[in-house]
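Biologist: Hi, could you walk me through this one? I'm new to it.
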Amino acid sequence: MRLSVLWRGLAGHPIHPPLTDVTLGAYTLSTAFALLSRLGVSDDNTTTVWWLVLVAGLATTVPTALTGFADWLDIQRGTPLWRTATAHMSAMLIATIFFAITAGAGHGDYVDGTISGASLVLTLVGYVVLVAGGWLGGSIVFVHGMRVLNLVDEPARRAAAPVEHPEKKEAEGS
Ligand code: HEM
């Protein structure tokens, strides 16, 4: 088995998508708690969860972005797939910058147990950009079909097994 399985996963079982679930989940939870805190629901506790889960999201962004980047390197430059994937990467990097600024500037809010209006706005802006980037991620997979095998008649046992399936080269843009 090749070492690249650690960042690319196997054919039919890429590593980036499950990591995106963890990261999107963390940022979604953090944003929800920012809103709850602002609405005055258990102020102290919701502010604590907002900040801690935001930092957890930043931590999981590292392997998420690295595995996405590894897949991006396989795409032929200038193709429609490459343009969509590059827009996705840009959106995710911008969202990450917003969340990193929010975590840094919002540390005082975490200590005080009250989220400020500025922290809430930064969290919401980061989240809107993140959702736009996630939409583009969906386009990469479900429109361009990147890393999708579509082996409709593959026997169920073989589909679930960690075996080599034929995978198209992403260079053609599909
Ligand atoms: C916060 C960081 C990121 C998140 C949350 C994220 C999210 C997503 C999502 C939701 C998908 C669709 C897959 C699915 O529906 O399960 C996707 C696919 C993809 N993303 Fe990202 N992404 C991130 C960073 C990056 C970066 C930095 C790149 C580098 C260019 C990248 C490249 C890709 C590629 C090439 C795909 C196609 C499928 C695959 O690689 O497995 N992503 N991403």
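Biologist: Which helix is Asp109 in?
Modeller: Asp109 sits in helix 5, residues 107–112; helices here are DSSP runs (H or I, at least four residues), numbered from the N terminus. This is a predicted model, where local features need pLDDT of at least 70, side-chain atom pairs count only at pLDDT 80 or more, and totals for chains, interfaces and linings use all residues. Residues are numbered from 1 along each chain as its sequence is written, and side-chain values use heavy atoms, leaving out hydrogens and water.
Biologist: Is Asp109 buried or exposed?
Modeller: Asp109 is buried, meaning under 20% relative accessible area (1.4 Å probe, protein chains only).
Biologist: What does Asp109 touch, then?
Modeller: Leaving out residues up to four places away in sequence, Asp109 touches Thr47, Trp50, Thr114, Ile115, Ser116 and Ser119. Contact here is heavy atoms within 4.5 Å.
Biologist: New topic: which residues coordinate the iron atom of the ligand?
Modeller: His16 and His88 do, each through NE2, at 2.0 to 2.1 Å. Donors are N, O and S atoms within 2.8 Å of the metal (3.2 Å for Na, K and Ca), with water not among the atoms, so sites may look incomplete.
Biologist: Where in the chain are those two?
Modeller: His16 is in helix 2 and His88 in helix 4, 72 residues apart. Both His16 and His88 are buried.

Terms used:
Buried < 20%, exposed > 50% of the residue type's maximum accessible area, 1.4 Å probe, protein only. Lys, Arg positive; Asp, Glu negative; His and termini not counted. Salt bridge = Lys/Arg side-chain N within 4 Å of Asp/Glu carboxyl O.
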